[in-house]
Amino acid sequence: MNNTYDVIIAGAGPAGSSAAIHLANHDVRVLLVEQKKFPRAKLCGEFISPECLKHFERLGVKGTMISASPAVLTETVFYSRTGHGLTVPSKWFGGGALGLSRAVMDNNLLQRAADAGVTVMENASVAEVIEEKNQVRGVRLNVDEVEREYEALVTIDATGRTRALTRRLKSLPQNAAPRPKAKLVAFKAHLEKTKVAEGVCEIYSYPGGYGGLSTIEGGVSNLCFITAARDVRRCQSNPEVVLREIVFRNRRAAYALEAATICSEWLSVSLESFGRQSPSPLNGLLAVGDSAAFIDPFTGSGMLMALESGELASQLILRHLPSLRKNLSFTTLATEYSQDYRRRFDARLRISSVLRRLAYTPFLAEIGIVLFGASERLRNRIARATRSDSKGDQSSLERVKWI
Ligand SMILES: Cc1cc2nc3c(=O)[nH]c(=O)nc-3n(C[C@H](O)[C@H](O)[C@H](O)COP(=O)(O)OP(=O)(O)OC[C@H]3O[C@@H](n4cnc5c(N)ncnc54)[C@H](O)[C@@H]3O)c2cc1C
């Protein structure tokens, strides 16, 4: 069996699949490795921002996404604890947003990757990263309890917030330090009989966190909320107790969810940190999606960043592949990717971190909602700044041309 590829991508979320499809469309030999079997549920607000549709079109999945009958979300309303609302219309970002489960969305992308010629391995997890002379050469995979080595010119960490590849690098001294304790925990479930307004993504602020409720395919609602880990411990880690004790402190949440019934299992994850990590942690390895940066979920733009960074990485790999095939240095690709990554994403990560301070403190959230509510112009500018600095995006796109 030939275990050598041009590119190995670990993680088949939107970032990994996006990179894989773009590369395979240009006849690059890609191995996409996913630890789960798709379709699988995933903790997420399941709010697909309008800009993602352009990506779906370029990836060849717009039709399958639309035929899954997603809900169309025309606005997001941020509710303060006392019930003040601030509306952000989806048209500011180019049209309606979609409400579609991650089980369906991610599976559509994975199937498209396979159709485009990507070698897809599910139920396969990365056991080790192969490092030689400070350069990543591929991965050692665990498949059906058998370990096997796979080599590539470029390896991509698309494993989401876990950064499973980057964290396994022996050459990175910071990996020897103990991981900080997570201060936040997120929960998610699908619900029936909610009173969420039709076509609206409702966001609720409460002490120590916030939650989002919106409709997905089949008329079901997706509820996803973040709370302080200490509150979760106080509620014996029971999501329904957390919901009643903490989330229901927001009046609108209590109203919209009072008669709701759960129709899926609860999922939970702990959240360690937000913001940017290294987009190119070591020669031979690039990071995309949440592995490169985790933007605050209230922006509803994590999946957009995942799709965008997957595309950006693939564009640069395509440009540098001829020289990598001649065994030339990886450094130029790593430097260009890091620079373009920063140019494209740093501004929105910064503004999101400022807004985070408001979001987690109810009295500041209350003041912010009243303040931003008074000026549509200000609201529009801030909302758009969490997505893209359009000038920055254009200049970096102009510089990175398809081969
Ligand atoms: C509470 C919360 C709510 C959110 N709500 C929204 C929202 O409404 N809208 C939005 O746009 N964004 C939202 N996000 C952000 C969004 O979920 C992420 O930005 C997005 O999923 C990132 O995509 P990704 O491909 O980088 O990683 P992921 O989607 O996390 O995919 C990573 C994949 O890698 C696989 N994997 C992990 N480890 C390994 C391994 N060792 N080997 C092989 N495979 C592995 C995983 O199984 C997974 O399938 C939310 C995030 C949170 C935490």
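Predicted model: local features only at pLDDT ≥ 70, side-chain atom pairs only at ≥ 80, totals over all residues.
Residues are numbered from 1 along each chain as its sequence is written. Local features need pLDDT of at least 70, side-chain atom pairs count only at pLDDT 80 or more, and totals for chains, interfaces and linings use all residues, while side-chain values use heavy atoms, with hydrogens and water left out.

Start at the ligand. The shell around it holds 36 residues, and Glu34, Lys42, Gly45, Arg102 and Asp290 come nearest; a residue is near if one of its heavy atoms lies within 4 Å. By class, the shell has 18 nonpolar, eleven polar and seven charged residues. Here Ala, Val, Leu, Ile, Met, Phe, Trp, Tyr, Cys and Pro count as nonpolar, Asp, Glu, Lys and Arg as charged, and the others, Gly among them, as polar. Helix H1 (14–24), strand S9 (124–132) and helix H8 (302–325) each supply at least two shell residues. Helices (H or I, at least four residues) and strands (E, at least two) are DSSP runs, numbered from the N terminus.

Next come polar contacts, pairs of N or O atoms within 3.5 Å. A backbone N or O atom of Gln35 lies 3.1 Å from a ligand nitrogen. A polar backbone atom of Val126 is 3.3 Å from a nitrogen atom of the ligand. Arg40 places a polar side-chain atom 2.9 Å from a ligand oxygen. Taken alone, the ligand exposes 1,000 Å², and the protein buries 95% of that (Shrake-Rupley method, 1.4 Å probe).

Now follow H1 to helix H4 (residues 102–115). Their axes, lines fitted to C-alpha atoms over the stretch in contact, are 9 Å apart and meet at an angle of about 20 degrees. H1 is therefore roughly parallel to H4, a term for angles under 35 degrees.

Two loops remain. Phe38 and Pro39 are joined by a cis peptide bond, with omega about -5 degrees. Pro39 sits in the loop between strand S2 (30–33) and strand S3 (47–48). Lys133 is not a glycine, yet has a positive phi of about 50 degrees. Lys133 lies in the loop between S9 and strand S10 (135–143).

Definitions and conventions
Polar contact = N/O pair within 3.5 Å; in protein donor to acceptor, adjacent residues only side chain to side chain. Axes fitted to C-alpha atoms, helices over the stretch in contact; angles between N-to-C directions. Parallel < 35°, antiparallel > 145°, perpendicular 65-115°, else oblique.
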